[in-house]
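Q: Please go through the strand pairing in this model and say what each term rests on.

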Amino acid sequence: MKPLPYTRKKEILEMLKRNDFLDINQLSQKFNVSYMTIHRDLKELEDEGMVSRIYGGAVVSDSVRTAADVPVPSADLTLEERFRVCQEEKKAIARAAAAYVEDGEIIGLDASTSALQMCPLLHEKRITVVTNGLNVALQFSDSETVSVMVVGGLLRKSSLSLSGLRDQELLQHINISKCFFSATALSFEKGMMELSYEESESKRELLKRTDKLFVLADHTKLGASAPYVDCTYERIYALVTDRWPNAAQRQTDCLRNFEQNGVRVIYGTQE
């Protein structure tokens, strides 16, 4: 027996509070209803301010996330799932961050979708990229000007990253001008955080050889929390984020605290 629309929408909302993203096709199969029925459910929930629709599905709205104090999801999302979240915001962040990369520099990129968005913008730069992301390294395979150094470790299949650095000697001979790292969560009080201990460990090792850290964090990461700390706010040179007109109080407070304590806040603008 198919659930009533009210019951179905209530269950969808509860599922979104536990997950970063829900796919329309998956919801259609779960509730045994058509694609258009789920589409209408999400449209009604969006009109009520409960969810935000994005390509192929929806995420819970910031107001609901804040009111319910929804934690960062514990699931290790795949690259495909993460690409669907805040796509335009991440493109804007990537454009703003890429403007700070100069010819001749050695830069660090993690395996995040935000860093991946930077890659096409750096393709013609004369730089060296140090990364633990196989996905990032492959973006420069046909570039005649970008050299790539991949730091080794165990393969995390969900993100195509190499975590838990095994070649420490390599890093001892590199001075990285700037690192551009994303984060699962970011707060002034706790710093930059990750879901995976191994991923956090890799970033901490790269940061030992880095002059400046640029944190790439869309508005959904601000004021949130995750289990493992990469670094505290003192280590962050700049925070690159998006402008979000419906920012929650926790997000506004997070940005203000960073700015008041010497961290540059750079805003990406959407085209």
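A: In strand S14 (residues 238-242), valine 240 is the bridge partner of leucine 216. The model is predicted, so local features need pLDDT of at least 70 and side-chain atom pairs pLDDT 80 or more, while totals for chains, interfaces and linings use all residues. Residues are numbered from 1 along each chain as its sequence is written, and side-chain values use heavy atoms, without hydrogens or water.

Q: What makes S12 and S14 a pair?
A: Two strands pair if DSSP finds at least two bridges between them; strands are DSSP runs (E, at least two residues), numbered from the N terminus. S12 and S14 have three bridges, in the parallel sense, so they count as paired.

Q: How do you know that S9 pairs with S12?
A: Six bridges join strand S9 (residues 176-182) to S12, and the two run parallel. Serine 182 is the residue opposite leucine 216 of S12.

Q: Why is strand S12 called mostly covered?
A: Buried means under 20% relative accessible area (exposed is over 50%, partly exposed in between; 1.4 Å probe, protein chains only). Five of the seven residues of S12 (210-216) are buried.

Q: What is the order of the open sheet, and which strands stand at its edges?
A: The seven strands run S6-S5-S4-S9-S12-S14-S15, with parallel pairing. Strands S6 (147-150) and S15 (264-268) are the edges: each has a single partner strand, so one side of each lacks a neighbour in the sheet.

Key:
Helix = DSSP H or I, 4+ residues; strand = E, 2+ residues; numbered from the N terminus.
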